[in-house]
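Let's walk through this structure together, one part at a time. Keep the sequence and the 3D view open as you read.

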Amino acid sequence: MLNRRDRVPPGQTTGRWLRAAGYLGITIAGIALILVDGFPFWYTIMGYWCLVGGAFSCLGKVTGRWAGEFIGLPLVGSAMIAFALMTYRDAWDAEQWIAVPSIALLAAYGSILLGRWADVAAIGRAARERGR
Amino acid sequence: MSANDVIPLVLGAGGVAFLGTILQFVQAMRNSAETRETKAISNLEKWRDEADERALRCLDDLNYERTVSSYWQRVAGTYQHSLVVGGLEVPDCGPPPAERDYQRPS
């Protein structure tokens, strides 16, 4: 059980519920990717990544614990970058005008999530050092 | 290297990082101040229980020693004038020693 010192500092909780809603959306996307038939194999794997990572991150945000995002964001970030590549690959032949913005936007989204992961790791290190 | 080759690598790296973060988090929690404090309290309680048990055992031993000493003191007081050894009474060897000469068994 984490103590209060390990929670996200008060200055970093702005937009907590918005972020939790975003992670909930990622979780729902993962469930859809898993349940809907006809998706290729790597889309289904990406769905599991979104489900597990999104659920961890959402629970972490709702409960105010840094550990949720710390554990969940690697899965979500890598799933976003993989999704960018898959979208680019699948859209290039049919709609080239949408392929480039898609890969750019989704890869940027994945990069932002992985950057957030690095920030959360720093928050966790600081919380542990304060606890010592 | 095409996108088809990169996609498994990206997802695999994410999975490995996920497992790594879980291990790191578990290790951090095991080394956390709260965990160490709980373990220290648990050790102190265990040591206290063991000390209580040792003290009770010492008390029992002490009571036993007192009982035995008191019994042999009574025996010494009863037979200090005449001794019966193997059914034969040993002849009286003189007047009983004065009370002040009596040495309590150590």
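Is Arg89(A) buried, partly exposed or exposed? Arg89(A) counts as partly exposed, at 26% relative accessibility; here buried means under 20% relative accessible area, exposed means over 50%, and partly exposed lies in between (1.4 Å probe, protein chains only). Before going further, a word on the ground rules: this is a predicted model, in which local features need pLDDT of at least 70 and side-chain atom pairs count only at pLDDT 80 or more, while totals for chains, interfaces and linings use all residues. Residues are numbered from 1 along each chain as its sequence is written, chains are lettered from A and ligands numbered from 1 in the order in which they are written, and side-chain values use heavy atoms, with hydrogens and water left out.

Arg89(A) has a partner in Asp90(A): their side chains meet in a salt bridge, 3.0 Å from N to O. A salt bridge is a side-chain nitrogen of Lys or Arg within 4 Å of a carboxyl oxygen of Asp or Glu. Asp90(A) also counts as partly exposed, at 42% relative accessibility. Over all chains, the structure holds three salt bridges.

Now turn to Glu69(A), which sits in helix α3 (residues 66–92) of chain A. Helices (H or I, at least four residues) and strands (E, at least two) are DSSP runs, numbered from the N terminus. With a relative accessibility of 1%, Glu69(A) counts as buried. Glu69(A) forms a salt bridge with Lys61(A), where the closest N and O atoms are 3.6 Å apart, and another with Arg116(A), where the closest N and O atoms are 2.9 Å apart. Because Glu69(A) lies in helix α3 and Arg116(A) in helix α4 (residues 96–131) of chain A, this pair ties together parts that are 47 residues apart in sequence. Both partners are buried too: Lys61(A) has a relative accessible area of 5%, and Arg116(A) a relative accessibility of 11%.

Leaving aside neighbours within four places in sequence, the residues in contact with Glu69(A) (heavy atoms within 4.5 Å) include Arg19(A), Phe56(A), Trp117(A) and Val120(A).

Next comes chain B. Its elements run α-α-β-β from the N terminus on, and 12% of its 106 residues are buried.

How do the two chains meet? The contact takes 20 residues from chain B and 28 residues from chain A. About 2000 Å² is buried between them, with 78% given by carbon and sulfur atoms; buried area is the accessible area (1.4 Å probe) that two parts lose on being put together, summed over both. Ile7(B), Leu11(B) and Phe18(B) supply 29% of the area that chain B buries against chain A, more than any other three residues. Between chain B and chain A the count of salt bridges is zero, while two residue pairs are in polar contact across the interface, both at pLDDT 80 or more. On the side of chain B that touches chain A, α1(B) gives the most, with 17 residues.

Terms used
Polar contact = N/O pair within 3.5 Å; in protein donor to acceptor, adjacent residues only side chain to side chain.
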